[in-house]
Amino acid sequence: RPGGPCPPPPERRPGVRPRTVALGGTATLGQVTPMMPVKIDGNPDSSAFNKEIKQRLIKKGYTVAIAEQTQDPDEATGIVDREVVRVVTPGTLIDEGLIEGSGNNFLMCIYHKENYGIASVDISTGDFFVTEIEDENDLLAEVIRYEPEECILPQSNYEDDEFVNKLKQENEMMIHSHSEEAFHNAKSNILDHFGTETLEPL
């Protein structure tokens, strides 16, 4: 956001070539290396230009971090402080201008041990569905049914390349992992959130 100059990028390590993030046409989002952050342009996140950049990056499967200045420019000495206030992924969109069509924009979580636990949520509408099934073919049918934009797996399932490839074959989506602990605590978190002792009322 406006209010202060962007910090200069640190020097690149010897032998590290910069990678350009292509946004289509001649537009790029700066030079990126493992040790150099993306250059930012200082435009407000609400601007049409930044919305277009965000949409293109998300379509390419990138995670987009939104930073805002957290300090009054008049009180800053040098660079104005900024912090990441929101992280946007294909399955966590709430901006109407970024969601294509009139359908849902689902984020799906899958946990597989003996059976398959599936949770699908569209945070732009509040739709939330949970189910448990036994057969892998039924799982893949659920993936086709919901067409999620993003899927989160526990680390153990994510490391199963055959399983991940099957999911990708049924639906083109971002797939990444989360800690096993997060999935183990999911039931208690849902019960606490809805104030119930069992999942049956849901």
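The model is predicted, so local features need pLDDT of at least 70 and side-chain atom pairs count only at pLDDT 80 or more, while totals for chains, interfaces and linings use all residues. Residues are numbered from 1 along each chain as its sequence is written, and side-chain values use heavy atoms, with hydrogens and water left out.

**Salt bridges**

Side chains of opposite charge can pair when their charged atoms come close. A salt bridge here is a side-chain nitrogen of Lys or Arg within 4 Å of a carboxyl oxygen of Asp or Glu. Searching the whole structure gives three.

| Pair | N to O distance |
|---|---|
| Glu-136 and Lys-166 | 2.7 Å |
| Arg-145 and Glu-142 | 3.5 Å |
| Glu-162 and Lys-166 | 3.8 Å |

Helices (H or I, at least four residues) and strands (E, at least two) are DSSP runs, numbered from the N terminus.

Glu-136 forms a salt bridge with Lys-166. Glu-136 sits in helix 2 and Lys-166 in helix 4 (residues 161–170), so this pair ties together parts that are 30 residues apart in sequence. Glu-162 also forms a salt bridge with Lys-166. Both residues belong to helix 4; they are four residues apart, or about one helical turn. Shared partners join Glu-136, Glu-162 and Lys-166 into one network.

How exposed are these residues? Buried means under 20% relative accessible area, exposed over 50%, and partly exposed in between (1.4 Å probe, protein chains only). Glu-136 is partly exposed at 23% relative accessibility. Lys-166 is partly exposed too, at 25%. Glu-162 is exposed at 56%.

Arg-145 is exposed, with a relative accessible area of 59%. Glu-142, at 15%, counts as buried.

**Negative patch**

Which residues gather in a patch of negative charge on the surface? They are Glu-132, Glu-134, Asp-135 and Asp-138. Patch residues have over 30% relative accessible area and no salt bridge; like charges are joined within 9 Å, and nonpolar side chains (Val, Leu, Ile, Met, Phe, Trp, Tyr) within 5 Å. Asp and Glu count as negative, Lys and Arg as positive; His and the chain ends are not counted. Each charge is placed at NZ of Lys, CZ of Arg, CG of Asp or CD of Glu. Areas come from the Shrake-Rupley method with a 1.4 Å probe; for residues, only the protein chains shown count as cover.

Asp-135 lies in the loop between strand 7 (127–133) and helix 2 (136–146). Its relative accessibility is 36%, so Asp-135 counts as partly exposed.
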